[in-house]
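Subject: Structure handover

Hello,

Here is the structure I said I would pass on. Please look through it first, then read the notes below.

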Amino acid sequence: MSISVRDKDPYEAWEIANAIRDVAANHIKNVMDIDAVNVVESANIPEQKVSPSATKNGVIGGILGVIAAVATVLIAYISNDTIKTQEDVERYLGLSTLGTIPISEDERKKKKERNRRSKKE
């Protein structure tokens, strides 16, 4: 049987592990009706912190963040049902188009600039 204890204080973990070892040994003596239980080794005090691992948690958080970002972009792309081109009108509405009204990038920028100015005022 192997006993491991995690605690913020390594000395307290050491004491708890040794106490569990002693209690378990006495319980096994009583249940098995034997005179002695062999204890192979006592608890040791860890030299390094076992958890939490900042590196491991950071990597896991980064991976989950990338997955969440990709999922958000995919959902936004898939759920976007706006009609943008002449082909979309024909495909989704079953209508033929007679013509299109081109809007240049300069006109779009001017409209956005006008909207910003009107919101500030």
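Helices (H or I, at least four residues) and strands (E, at least two) are DSSP runs, numbered from the N terminus. By that rule the chain has four helices and zero strands, and its elements run α-α-α-α from the N terminus on.

Two remarks on the source. This is a predicted model, in which local features need pLDDT of at least 70 and side-chain atom pairs count only at pLDDT 80 or more, while totals for chains, interfaces and linings use all residues. Residues are numbered from 1 along each chain as its sequence is written, and side-chain values use heavy atoms, with hydrogens and water left out.

Overall shape

The C-alpha trace spans about 100 × 40 × 25 Å along its principal axes. The radius of gyration of the chain is 35 Å, whereas a compact globule of 121 residues would have one near 14 Å. That radius is taken over C-alpha atoms, and the globule rule is 2.2 Å times the number of residues to the power 0.38.

Of the 121 residues, 6% are buried. Buried means under 20% relative accessible area, exposed over 50%, and partly exposed in between (1.4 Å probe, protein chains only). The accessible surface of the chain comes to about 11300 Å², and carbon and sulfur atoms account for 55% of it. Such areas come from the Shrake-Rupley method with a 1.4 Å probe; for residues, only the protein chains shown count as cover.

Helix H1

Helix H1 covers residues 10-32, which is 23 residues, and reaches 32 Å from its first C-alpha to its last, close to the 33 Å expected at 1.5 Å a residue. The expected span is 1.5 Å times one less than the number of residues. Its buried residues are Ala13, Ala17, Asn18, Ala24 and Ala25. Just after H1, Asp33 takes a positive phi of about 55°.

Ile16 is also found in H1; it counts as partly exposed because its relative accessibility is 31%. Ile16 belongs to a nonpolar surface patch with Met1, Ile3, Ile20, Ile28, Val31, Met32 and Ile34, and together they have about 740 Å² of accessible area. Patches are made of residues with over 30% relative accessible area and no salt bridge; like charges are joined within 9 Å, and nonpolar side chains (Val, Leu, Ile, Met, Phe, Trp, Tyr) within 5 Å.

Salt bridges

How many salt bridges does a search of the whole structure find? It finds two, a salt bridge being a side-chain nitrogen of Lys or Arg within 4 Å of a carboxyl oxygen of Asp or Glu. One joins the side chains of Arg21 and Asp22 at 3.0 Å, N to O. Asp22 is partly exposed, at 37% relative accessibility.

The side chains of Arg91 and Asp88 also meet in a salt bridge, at 3.5 Å, N to O. These two residues are three apart in helix H3 (residues 86-93), so about one helical turn separates them. Arg91 is exposed at 55% relative accessibility, while Asp88 is buried at 13%. Leaving aside neighbours within four places in sequence, Asp88 is in contact (heavy atoms within 4.5 Å) with Thr82, Ile83 and Leu93.

Asp81 sits in the loop between helix H2 (54-79) and H3, and at 69% relative accessibility it counts as exposed. The C-alpha atoms of Asp81 and Tyr92 are 9.7 Å apart, with the two residues 11 apart along the chain.

Regards
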